[in-house]
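Me: Please examine the following protein with me, with attention to how its parts are arranged.

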Amino acid sequence: MRIQPIPNRYYLAALFLLTACFVVTISCHTPTKEEQGAALAEKYCSSCHLPVSPALLDKETWVKHVLPAMAPKLGIRVWGEHEYYPPMPGEKPGLISIQDWELLVAYYQHAAPDKLAPAKVPQPLQRDWSFFTAKYPQVTDSSPVGTTLVAFNPDNGSLVTSDALSSTLTQWDSSFRKINTRKLPSPAVDIIFSKDSAGQQQGIVTEIGNMRALDVSAGIITSIALDQPDSRQKDLMAFLKRPVQTVPADFNNDGLTDLLVCAFGHNQGGLYWLKQLPGHTYQQIPIREVPGAIHAVTGDFNHDGYTDFMVLFAAGDEGIWLYENDKKGGFTSVNLLRFPPLYGSTSFQVADFNGDGQPDILYTSGDNADFSMILKPYHGLYVYVNKGNNKYTLDWHYPVNGCTKAIAADFNGDGRIDIASIAFFADFRGRPGEQFIFFEGGNKPLSFVPHSPPLEKEGRWICMDAKDYDHDGDLDIVLGNYAQGFMILDDYKPDWKEYQPFIILQNNSVR
């Protein structure tokens, strides 16, 4: 018997029916509560910053601390630890309904781990001094210290420090004896060394205004005669919200040195160009008025003869942006890297790690004084290699709890880049050696041997500088001790020296 072929019109009808059934099946799928919560998190959280995976924090930290802190930003009222209510009658409607907010909270509570696993360290710390020896200041006062600034003066080998507890600026000689101390309106956190027309030592000092996270316009950029502690400071710009760094550069090629100011702020802040005018006053020009500007690096990154800069923002929408000079009194921004808001970005530096002539980025994360004060395995040091056209890829990472700053340089003169790092929020109980690590560069690019001198009893390091203070041809390091407060480890009792403002790690590699 001959089988008759089925006409094409029946094939088409069958195919249409199967397709329709598939579409109906897909469209009839009802999202689970977890899927709804994930979609809501993507919608509302990513409107301000990178999406945040529930895996970045444990359940308790999400539910009791982070989500209650985020709720008011979306118009949700919080009562007690984590009871949520819609806006009161007559108040501005929230950005999210109370029902959707509770779905979002349930998603994080369900998907987050009970506890974060510690980071896997690729190389154990070598508990030795490498080629450094410690030198100590000559102090007689046993009062606790809160050092916020340490800076070698490259001209004369002296050292300048500032203290948050006394709001003072102190100058030390090359043997680390006090030369003079002067009172400041608020602690200094940054300094630019210079000389006046008579050759006297000057410092352009960044006074933060308040160490606490407040939106108070008390920060000052000021000029100080370092050798005249009784002289008045000359304020260049006042009423800034927690400025943390000032960088000099001539942005408009008029022969006058301008200043770039990172004002971290709290809920408010900004990045400002202080344009120097012919009368040596300054005009404040806002570049980006958002909180979190913490670190800037200048350079002619596009090789057009005008100074550009990169800036790290460390609050909310964290990341590094390149600002290219448009030669017309403005800047065009390009985002280079973005990080989740839980990373707690702290610093970055531009350096050529692989010797290809392209500037790579050394980045650190570790600020841990916000709503999620737990040890985080993703804190640490990262190197992003420049692939050209403003594209960077992560090529090296070393986990360090609470990493605060890193300095990349050839410390021992062997032609390889080394890295010195400090961690203010280190794991003092489980891994105290990570408070200071010296990564000695190896034979291959981005290969390091991590050394950790036994410095845990000497202090808690919040600031660092590296220069050749003794003029012997290699870079020395100074570490600043902020001895009290900002502790995130429960029931941990510090046993470091609370009276010692700093220590010096003298480099002996040339010797």
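The questions and answers below concern the domains, their interface and one serine.

This is a predicted model, in which local features need pLDDT of at least 70 and side-chain atom pairs count only at pLDDT 80 or more, while totals for chains, interfaces and linings use all residues. Residues are numbered from 1 along each chain as its sequence is written, and side-chain values use heavy atoms, with hydrogens and water left out.

Me: What distance separates the centres of domain 1 and domain 2?
Reply: The domain assignment, automatic or from a database, gives domain 1 as 33-111 and domain 2 as 132-184 + 247-507. Taken over C-alpha atoms, their centres are separated by 34 Å.

Me: Which residues of domain 1 lose the most area to domain 2?
Reply: Buried area is the accessible area (1.4 Å probe) that two parts lose on being put together, summed over both. Between domain 1 and domain 2 this area is about 1100 Å², with 77% given by carbon and sulfur atoms. On the side of domain 1, 46% of what is buried comes together from His-49, Leu-50 and Leu-56.

Me: How many salt bridges does the rule find across the interface of domain 1 and domain 2?
Reply: The rule requires a side-chain nitrogen of Lys or Arg within 4 Å of a carboxyl oxygen of Asp or Glu. Across the interface of domain 1 and domain 2, the number found is zero.

Me: Is Ser-158 buried or exposed?
Reply: Ser-158 is found in the loop between β4 (147-152) and β5 (159-163), the strands being DSSP runs (E, at least two residues) numbered from the N terminus. Buried means under 20% relative accessible area and exposed over 50% (1.4 Å probe, protein chains only). Because the relative accessible area of Ser-158 is 4%, this residue is buried.

Technical notes: Helices (H or I, at least four residues) and strands (E, at least two) are DSSP runs, numbered from the N terminus.
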